[in-house]
Amino acid sequence: MNESAEVKKSPVDRVPMVSVSCITYNHGRYLRKALDSFLSQKTSIFFEILIHDDASTDDTVSIIKEYAESYPEIIVPMFEEENQYSRGISNISGVFNFPRARGRYIAMCEGDDFWTDEEKLQKQVDFMEANPEYSMCCHGASVVSEDGAFRTENEIRPFEADRELTPAMLISKKTNLPTASLFFRTEYALSLPEWYFSCPVGDIPLQLYMLTRGRVFYFDRKMSAYRMGAEGSWGSSMDGNSAEKREKWEKHYTAMKSLYSAFDKDTDGKYAGFTAEALGRIRFLVDLKEDKAEAVLKPENALFVSELPETERRLQELKARHRWLYDLIRSLYLVLRKRGF
């Protein structure tokens, strides 16, 4: 555990500049990394850490209590006795953490991810303080495997320079913004629209809403890490191609279609072209998840096909044109892998 004396001595009654929103569910294997990355921030500001645990069944709760005991003036936990997500509350942060935020700003990071730059908070605060017309800022991220090893071949880098994001860039992008990069004004998080709460994921509707409240800035700097395949994560729950998983993906697509429709209605169709493209990309990716490789051959998907990594694109095209050859190569690969080659 980080033992920062500067953080620990902050007075209880001091109003924080930033509220860190951290939601957890069975993150016992990863949570210390996340909390230590918050507490090790080199910053002159005082911040609070709002942790919401959704009735974890592992040692997550005991870890939260351990840290809260060491940092009672900064860590503010909330524990559920019944899992809220299973009750249909999908956007836990907006329901339970945002309303209790005392900071001027909210910084996001879920319990299985972590921050990698000790200057992250100060950099984002400085920018937002100097630019009141901005509602949100964000940044790139590294990718780590489930065991915490950095995957050097991967990164989440939606854009290749520091810049303001246009509506087209924010709405229709091939790579989503890392959740642990999102930093926004609390006042806007307290007036979220209904379509935010009805969406099965929280980051995309949050980004859409912040677009309606001001400008958005992107730092081309990896200041957090996304943990791929973490137990209990939304991504891991959607992996696979069983009938159950295909049904989940179809429900996800339907929900996203409803989200963009509601957003278009609220904005009088101002961004309809961008939302249509974003929804088309989701449909394409869902088709690939459902093993519908023929989607790569449809002319209307040319843009989305071009966005795939080259190896994946070639494999999907092979599968679509010559399924028997793809199956043969895959079978040989699995045999060789099993034998240690």
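In this predicted model, the side chains of D117 and R221 meet in a salt bridge, with 2.7 Å from N to O. In general, side chains of opposite charge can pair when their charged atoms come close. The structure holds 22 salt bridges.

The axes of helix 11 (residues 243-266) and helix 12 (residues 272-289) come within 10 Å and cross at roughly 180°. Angles over 145 degrees count as roughly antiparallel, and helix 11 and helix 12 are therefore roughly antiparallel to each other. Helix 11 brings W249, E250, H252, Y253, M256, K257, Y260, F263 and D264 to the contact, while helix 12 brings A272, T275, A278, L279, I282, R283, V286 and K289. By class, ten of the contact residues are nonpolar, two are polar and five are charged.

A second pair is formed by helix 14 (residues 310-321) and helix 15, whose axes come within 5 Å and cross at roughly 125°. That angle makes helix 14 oblique to helix 15. Here L315, L318, K319 and R321 of helix 14 touch R323, L325, Y326 and I329 of helix 15. Five of these residues are nonpolar, none is polar and three are charged.

Helix 15 (residues 323-338) also contains L332. Together with W324 and L328, L332 makes a nonpolar surface patch of about 360 Å².

Note on methods. Residues are numbered from 1 along each chain as its sequence is written. This is a predicted model: local features need pLDDT of at least 70, side-chain atom pairs count only at pLDDT 80 or more; totals for chains, interfaces and linings use all residues. Side-chain values use heavy atoms; hydrogens and water are left out. Patches are made of residues with over 30% relative accessible area and no salt bridge: like charges are joined within 9 Å, nonpolar side chains (Val, Leu, Ile, Met, Phe, Trp, Tyr) within 5 Å. Accessible areas come from the Shrake-Rupley method with a 1.4 Å probe; for residues, only the protein chains shown count as cover. A salt bridge is a side-chain nitrogen of Lys or Arg within 4 Å of a carboxyl oxygen of Asp or Glu. Helices (H or I, at least four residues) and strands (E, at least two) are DSSP runs, numbered from the N terminus. Axes are lines fitted to C-alpha atoms, for helices over the stretch in contact, and angles run from 0 to 180 degrees between N-to-C directions. Angles under 35 degrees count as roughly parallel, over 145 as roughly antiparallel, 65 to 115 as roughly perpendicular and the rest as oblique. Contact means heavy atoms within 4.5 Å. Ala, Val, Leu, Ile, Met, Phe, Trp, Tyr, Cys and Pro count as nonpolar, Asp, Glu, Lys and Arg as charged, and the others, Gly among them, as polar.
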